[in-house]
Amino acid sequence: NESASIGEQVDYKIIGIEPGAGITGLSHDTLEQYENLEGWTLQESSTAGMIGTLEQAIRNEEPVIVTGWTPHWMFSAYDLKFLEDPKGVLGGAENINTVVRKDLEKDLPDVYTVLDRFHWEPEDMEQVMYDAQNGDFETAAAAWIENNDDKVSEWTKGIEQGNGEKVKLVSVPWDSEIASSSVVKIVLDNLGYQVEVIPVDPAIMFQAIATGEGDATVAPWLPTTHQAFYEKHKDDIVDLGENLEGTQNGFVVPAYMDIDSIEDLEP
Ligand code: PBE
């Protein structure tokens, strides 16, 4: 129905992802803070469910609004755009930080140093994510390491071999962080450590570092996406700063939709 508003056509729903994701909380905040979104709801689902709904809408050239983020392959697979967010509720350009438990520097100083040095570009992460689509993350990460010896040796220069000490790397279950955690795992494994990657909800990830059950994470999106969890635990964790700059969250729509801003959505 051409004359129906976008709101009517999408049943006043934003298609979301997992309830525990940072972007889910921010999306609820967005619905509260934009008066024009009164009566709209966020349909929480899963990342796979969100992608399925997006793909089906695109096949039918129908309107759809999803919670999305970059780095993500959906932007290379489909012609999509972020809706402007003039109130900035979903965050601007963000970073991914490395956060470790309080005694890690004392207990495993070489691991601490490698983690402190770990830094790469969004294109590096995207390369691993892309290669993993036709295989698995471990193979993709190993290939990236082979092809980027210059970067990896910056992180590992002067570091002595470990003796099989165990390292618990806590992460979140999205492709971007599976990619970064896989790379860091292999780098440390190659240095003689035994790294276990444990994907959990962001809230649990921060809690694990704060209690010392986990050693480190390279997955926190800051300053906005995981701000609530960061604030809660900031006195009990050590923030080693950015390992990647330039992530972005937002409400995402197919480029064929004739709107540009969250404020274009009608109540
Ligand atoms: N994400 C991807 C996650 C972090 C990485 C944006 C979906 C989130 O917590 O929202």
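## Interface between the domains

No salt bridges are counted between domain 1 and domain 2. The model is predicted. Polar contact still occurs across this interface: the rule finds five residue pairs, both members at pLDDT 80 or more. By class, the side of domain 1 that touches domain 2 has nine nonpolar, eight polar and one charged residues.

Which elements supply that side of domain 1 with at least two residues each? They are α2 (22-33) and β3 (66-70). Helix α2 gives the most, with three residues.

The size of an interface is often given as the accessible area lost when the parts come together. Here the area buried between domain 1 and domain 2 is about 1300 Å². Carbon and sulfur atoms give 62% of that area. In residue terms, 18 residues of domain 1 are in contact with 16 residues of domain 2.

## Domain layout

Most residues other than glycine have a negative phi, and most peptide bonds are trans. The residues below depart from one or the other pattern.

Where are the cis peptide bonds at P71 and P223? One runs from T70 to P71, with omega near 10°. P71 sits in the loop between β3 and α4 (74-77). The other runs from L222 to P223, again with omega near 10°. P223 belongs to the loop between β9 (221-222) and α12 (227-233).

D11 and Y12 concern phi instead. D11 is not a glycine, yet has a positive phi of about 60°. Y12 is not a glycine either, and its positive phi is about 55°. D11 lies in the loop between α1 (6-9) and β1 (13-15). Y12 is also placed in the loop between α1 and β1.

S181 is found in helix α10, residues 175-190. Is S181 buried or exposed? S181 is buried, because its relative accessible area is 1% and the limit is 20%. The S181 side chain reaches the backbone oxygen of E177 at 2.8 Å. Leaving out residues up to four places away in sequence, S181 touches L169, S171, V197 and V218.

N148 is a loop residue, placed between α8 (137-147) and α9 (149-156). Its relative accessibility is 15%, so N148 counts as buried. What does the side chain of N148 reach? The N148 side chain reaches the backbone oxygen of W144, at 2.8 Å.

Terms used
Residues numbered from 1 in each chain as written. Predicted model: local features only at pLDDT ≥ 70, side-chain atom pairs only at ≥ 80, totals over all residues. Heavy atoms only, no water. Contact = heavy atoms within 4.5 Å. Buried area = accessible area lost by both parts, 1.4 Å probe. Salt bridge = Lys/Arg side-chain N within 4 Å of Asp/Glu carboxyl O. Polar contact = N/O pair within 3.5 Å; in protein donor to acceptor, adjacent residues only side chain to side chain. Helix = DSSP H or I, 4+ residues; strand = E, 2+ residues; numbered from the N terminus. Nonpolar A, V, L, I, M, F, W, Y, C, P; charged D, E, K, R; others polar. Buried < 20%, exposed > 50% of the residue type's maximum accessible area, 1.4 Å probe, protein only.
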